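Visitor: I'd like to learn how to read a model like this one. Can we take it feature by feature?

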Amino acid sequence: MIASLLAAAGDWVAPTLDYHALAPEIILAAGIFAVLSIDLFLEPEQRWITSALSGFVMLGALVTVGTLAVIGDDTRSMFGGRYVSDEYALILKALFLVAGYIVVLMSSDEIERGRYHQGEYYVLLLTSVLGMVMMASSRDLLSIFVALELLSIPAYMLAAWNKRNSRGNEAGVKYYLLGVFASAITLYGMSLLYGVTGTTLLTDLGSAITANGRFSGVEVIAVAFIVVGFAFKISAVPFHQWAPDVYEGAPTPITAFLSVASKAAGFVALVTLTFVAFPNAEDVYQPFMWVLAALSMTIGNLYALRQTNIVRMLAYSSVSQGGFILMPLTVAGVDGVGESALKAVVVYLVVYAATNLGAFAVVIAVARKTRSGEISSYGGLFGYAPALGVLMTIFLASLAGIPPLGGWFAKFGAFKAVLDADTGWGYSIAIIAAINTVISAAYYITVMREIWMKDEPTGDTTPIRTPPSLGAALVITCGATIVLGVLPDIVGRFGDITDLTGALGR
Amino acid sequence: MSQFLRDYLTVVWFGAIALVLGGLLLGVAALLRPNKPTAQKLIAYESGVDPVGDGWSQSQVRYYIFALLFVIFDIEAVFIFPWATQVERYGAFGLVVMLIFLILLLDGLAYAWKKGVLRWV
């Protein structure tokens, strides 16, 4: 077998690299190298340089994503279609880089105060973002898996950053063990898929699976395993148990990073696989996604109602929001709906990222004074920190889907996609989602009531001093949340460039 | 069944025969041999000398960092040996790619060195 493979290999030709298309990845990789090396020669009080440098690396990569979007071809394909830089990839790369930049802004003060391995922290953060940026471009089972590991392994270490704290240890061990378990399941599914079809290229997989008309048993198992593996990554019920414990034990900026960027990366892989590799497998993934979406929304919401800790509440809320993001995928295979389902997912990811990062930024700012994560500690926030109170209200209202904020438009797109499908699956999931939207408002409003109506529980009403970098993060996220809701035209333009059905080569 | 899966049937056969053969030899031996255990015979075999200490022993925790550093060179070898056999075909492109890989690995070693990992304390 090996001899025949070698004979088939023939003359080796160096692949042509499109350096412009690879520029974001190259800048990130060079940045990782630079931060790691420079950190070795810094005095402890100069360590803030690593934070500033990481921010500039993210912005530099973002600039090249911008030039890629403006200059030249829309779609740049390398390695025989295994690594593609198209509009879909560019939007998501921009999302990951902006999210990474906001996390750096949120971290700089938190991590500096701890004086604990600042350089390594930013190196790991940059590495994880590099994995996510690669994930957006990957169109091959192997590059998807490499990207998945590149983004996950630094995240395991970051989750365990509070290592002197038993909760931090619990977070690290739980996230690592379950993450590795999920990777193994995904990899098993991929190996079965390769065994059956003999290819790892997603577009070839798409045509190989449909070639004989119907699914074989092995293919069904392979698709199911791959979906289950990524369901862990996006913490969809019933694969969500790690999320609240990890979110509570990790440093808060990392919690924001995991609940937004890491989750979005899982969705990106799931979406790419759904649309490119399993285009005609809707009979397999549709019921699967339906069950995952319905369970995630409902169970996430019911647990969120009972939480007294704001980080755990946001963790369950993010499980439930994950259900809403999955919702359009349940109808992705219906003729004529695929495109709007895809737009709905991407728009929801962008809006959710802005809103959730903002909510965590407020949590960090408030915890600087109260040193507590209890929801009751938000009592009277509007009285002594009016700006933070208003911002938290905006973010929570957006998460609940109240117009005219971004969350409303995201939910609108998701509902529109499933209703356009005009199938039983679509209508039933829309009804469940509508009920859950009402339930979710309850726990978001509980926090708002603390902020606006209660009194500060300890009577300490000294104002909160927000460091400038955290303030910048709040301004960016709040601006994005409002602009995406008030001017849905911008989202509409987003939608146009995410014309994935063309971009993914179907 | 596809040709690919049929190729794997060899592995299944190999495993099955190994199990049957091993079980058969041990089973026949168990039936034929006399069974007279003594205290001397039941001692764990350690190259002929009497075993000393417990079966579970601790090793220095510092070794694990050296083990991790060893992995750097191990992975380097895994990639370099196959690459070296084909280096002429890959030409300048392959040379540059491998150099980038080595520089990144060396950065890791330099980091460990500067952090004092190589010093035995």
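Guide: With that, Val49(B) sits in the loop between α1 (3-32) and α2 (63-85) of chain B. Two housekeeping points: residues are numbered from 1 along each chain as its sequence is written, and chains are lettered from A and ligands numbered from 1 in the order in which they are written. This is a predicted model, where local features need pLDDT of at least 70, side-chain atom pairs count only at pLDDT 80 or more, and totals for chains, interfaces and linings use all residues.

Visitor: Is Val49(B) buried or exposed?

Guide: The idea is to count C-beta atoms, placed from the backbone: a residue is buried if 20 or more others lie within 10 Å of its own, exposed if 12 or fewer, and partly exposed in between. Val49(B) has 7 C-beta neighbours inside 10 Å, so it counts as exposed. As for the rest of the chain, 0% of the 121 residues of chain B count as buried.

Visitor: What is the order of elements in chain B?

Guide: Chain B reads α-α-α from the N terminus on, with three helices and zero strands. Its radius of gyration is 26 Å, well over the 14 Å that the globule rule gives for 121 residues, so chain B is more spread out than a compact globule. That radius is taken over C-alpha atoms, and the rule is 2.2 Å times the number of residues to the power 0.38. Along its principal axes, the C-alpha trace of chain B spans about 70 × 55 × 25 Å.

Visitor: How many residues of chain B are in contact with chain A?

Guide: Contact means that the C-beta atoms of two residues, placed from the backbone, lie within 7 Å. By that test, nine residues of chain B are in contact with eight residues of chain A. Helix α3 (residues 87-114) of chain B supplies the largest share of its side, eight residues.

Visitor: And which residues touch the most other members of the largest nonpolar core?

Guide: In soluble globular proteins, nonpolar side chains tend to be buried together. A nonpolar core here is a set of buried Ala, Val, Leu, Ile, Met, Phe, Trp, Tyr and Cys residues joined through C-beta atoms within 7 Å. The largest one has 182 residues, and those touching the most other members are Leu95(A), Met135(A), Ala159(A), Val345(A), Tyr348(A) and Leu349(A). Helix α14 (residues 338-370) of chain A gives the most to this core, 22 residues. Beyond its neighbours within four places in sequence, Val345(A) is in contact with Phe267(A), Val271(A), Ile325(A), Pro328(A) and Leu329(A).

Visitor: What should I look for in the backbone?

Guide: Most residues other than glycine have a negative phi, and most peptide bonds are trans. Phe79(A), not a glycine, has a positive phi of about 55°; it lies in the loop between β1 (76-78) and β2 (83-85) of chain A. Phe79(A) is partly exposed, with 14 other C-beta atoms within 10 Å. Ser235(A) also has a positive phi, about 50°, but this residue is buried, with 27 other C-beta atoms within 10 Å. Its place is in the loop between α9 and α10 of chain A.

Visitor: Which residues does a cis peptide bond join?

Guide: Val237(A) and Pro238(A), with omega about 5°. Pro238(A) is found in the loop between α9 (217-233) and α10 (242-249) of chain A.

Definitions and conventions
Helix = DSSP H or I, 4+ residues; strand = E, 2+ residues; numbered from the N terminus.
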